[in-house]
Amino acid sequence: MANSKYEYVKRFEVEDEVMYPNIIVVQIAGRNFHRFSEEHGFEKPNDEKALNLMNASATKVLENFSDVVFGYGFSDEYSFVLKKETTFYQRRASKILSIIVSFFTSAYATKWKEFFPLKELNLSPSFRSRIICCASMEVLQAYLAWRQSECHLNNQYNTCLWKLIFSGTSEKEAKEILKGTQKQEKNELLFRQFGINYKDLPQILRQGSCAVKIKVEDIVKYRENGAPVKRPRKKAVIVHSENIATKGFWNNYSCLTEELGSLGEGINKIKPEFLRSFKFQSKLMLSTWIVIRVDGCHFHRFCEDNGFQKPNDEQALKLMNSCAISLVEMCKDIIFAYGVSDEFSFVLKKDSLLYQRHSSEIISAIVSLFSSMYVMKWKEFFPENDFKEPPYFDGRSVCYPSSKILRDYLAWRQVDCHINNQYNTCFWMLVKSGKSRTEAQSCLKGTQAQEKNELLAQFGIDYDALPIMFRMGSSVFRDKEVAGSSLENSLLQKCKEELSGTDIGRDKVVVEHCNIIEESFWKEHPRILGEEAEEKHVIPLL
């Protein structure tokens, strides 16, 4: 396919490879899970159903990604360890963290009804993720010991806190009682006041949960003599251990020693500050436009599994648009979004300080929310279908220094929309006419736009008459909603805004299918890039 003059914008993408031999750990944690827990009535201090849902989502991650060999989780957090020699997505940090958090989120939303059949999922569950680079097995061992220690400390504190609250103490008083107490004092409080032996609490609460792979054999068929034919495979299971950062635990699972190596006999106490220094993170440059591009992973297979229409499924595109609208409504820092096929680009305002401009935080939050929305909104657009496997997406961040280069990026995506749609329309018409996929590709090789239009004409199709959403993609942005639709009201609104120097109308998120390459769109909507505000503050030359 032909390249466009806008291809140069790809040069602004930066590499974020995690160098070998660092062991890659993806740590995910719930976003606003205090509110999420309260909204859905989770039991305090721990809801075992919610913890088992986290575990089920984790085992799904291990089963879906062969490079993920271990997971450890507690509360609303999970850490996934990739095998030492992994080349998963060329070890690119943004790809890895976004794919894992997206798949985990989709699995969580998909499996919700298995664990809470009587509760509706009212809020979108979402998670943030980051990469931890463990320079050696010793660092990985220290990291896992740290996380399990945090599990114990948090659970012990929360158990005491909520027992005190349930007994009639106010939350403020309970926190004051626990202030400065040591582990032994908390154990004594639980035993003397509430008759609870901390060590008798369920393992899942005190120790957290490990997702590991074990080797099993499945019977795939039987021979004529009745003997079974077995096929070995790796199965993800949940186990609990008092100390996961020991050689004894590690050696119980051959997958861990084979894919990562052995642990030492023991480790000295390491301060969390030292372990936090292994975070792989970068801040995005100030005063630049941030673009987060969300892209479907293995969506060719997902489309086929779910019977999407070729070359375009209108309902699937509307589902993508609906997810984008929700994100723009939820995040005021997103000022524009453009989508085509299974991708969406979200533009954050130039002065955004969202998550202090930490790339991993922004990428994971947007990708996770988008994935969650996609699952939750699925039935609105496909009421008769249940998807077979959770949909998931990857994400990346790119900074553009000027409005012109940002607009060239968006133009590049719209040009790609046209090129891909025209090609795919021709391709699937040829396939539907009886040609094989290889023959269809051969017929289209080297053809120009005009030749493709002529080919479509042979099938009675006028390309320019196809639905505009297919040809132009979808633009999502906030537009001014004016009370009343008359010209008089519009003029009155404009006069009021000019006199007051402020925008009076109410913002409404809209979807339009229009040409964003031409200057006219941006002149018609100067508020999107803040050009309207800049014009108001221009100082005339004397």
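How many of the 23 residues of α13 are buried? The count is 20 of 23, so α13 is largely enclosed by the rest of the structure. Buried here means under 20% relative accessible area, exposed means over 50%, and partly exposed is in between, using a 1.4 Å probe and protein chains only.

Before going on, some ground rules. This is a predicted model, where local features need pLDDT of at least 70 and side-chain atom pairs count only at pLDDT 80 or more, while totals for chains, interfaces and linings use all residues. Residues are numbered from 1 along each chain as its sequence is written, and side-chain values use heavy atoms, with hydrogens and water left out.

**Helix α13**

Back to that helix. α13 covers residues 359–381, and its 23 residues reach 32 Å from first C-alpha to last, close to the 33 Å expected at 1.5 Å a residue. The expected span is 1.5 Å times one less than the number of residues. Helices (H or I, at least four residues) and strands (E, at least two) are DSSP runs numbered from the N terminus. α13 also has a kink of about 35°, centred on V375; the bend at a residue is the angle between axes fitted to the seven residues ending there and the seven starting there.

**The largest pocket**

Now for the open space. The largest pocket holds about 1,200 Å³. A pocket is an open set of points on a 1 Å grid over the protein atoms alone, with protein on both sides within 12 Å along at least five of seven lines, whereas a cavity is a set of points where a 1.4 Å probe fits but cannot get out; lining residues have an atom within 4 Å of a point. Grid points are joined across faces, edges and corners, and a volume is the space filled by probe spheres set on the points.

The pocket has 44 lining residues, and H34, S75, D76, N154 and N158 lie nearest its centre. Elements giving two or more residues to this lining are β1, α1 (33–39), α2, β4 (127–134), α4 (137–166), α7 (203–206) and α10 (272–276). The largest share comes from α4, with twelve residues. By class, the lining divides into 21 nonpolar, ten polar and 13 charged residues. Ala, Val, Leu, Ile, Met, Phe, Trp, Tyr, Cys and Pro count as nonpolar, Asp, Glu, Lys and Arg as charged, and the others, Gly among them, as polar.

**The cavity**

What about closed space? The whole structure has one cavity of 30 Å³ or more, with about 30 Å³ of space in the largest cavity. Its lining consists of L51, M54, N55, G73, F74, S75, Y78, I204 and S209. Two elements give two or more residues to that lining, α2 (48–64) and β2 (68–74), and α2 gives the most, with three. The cavity lining has five nonpolar, four polar and no charged residues. S75 turns up in the cavity lining and is also one of the residues nearest the pocket centre.

**Cysteines**

A search of the whole structure finds zero disulfides, a disulfide being a pair of cysteine sulfur atoms within 2.5 Å. For C255, the nearest cysteine sulfur is that of C210, 14 Å away. For C399, the nearest is that of C331, 15 Å away. C255 counts as buried at 3% relative accessibility, and C399 does too at 16%.

Most residues other than glycine have a negative phi, and most peptide bonds are trans. Here are some spots that depart from that pattern.

| Site | Feature | Value |
|---|---|---|
| Y20 to P21 | cis peptide bond | omega near 10° |
| K310 to P311 | cis peptide bond | omega near 0° |
| S287 | positive phi | near 55° |
| Y355 | positive phi | near 50° |

Where do they sit? P21 lies in the segment before β1 (23–30), and P311 is in the loop between α11 (299–305) and α12 (314–330). S287 belongs to the loop between β7 (279–280) and β8 (289–296) and is exposed at 53% relative accessibility. Y355 is in the loop between β10 (343–348) and α13, and is partly exposed at 26%.

L189, in helix α6 (residues 183–194), is 168 residues from P21 in sequence and 46 Å away in space, C-alpha to C-alpha. L189 is buried, with a relative accessible area of 14%.
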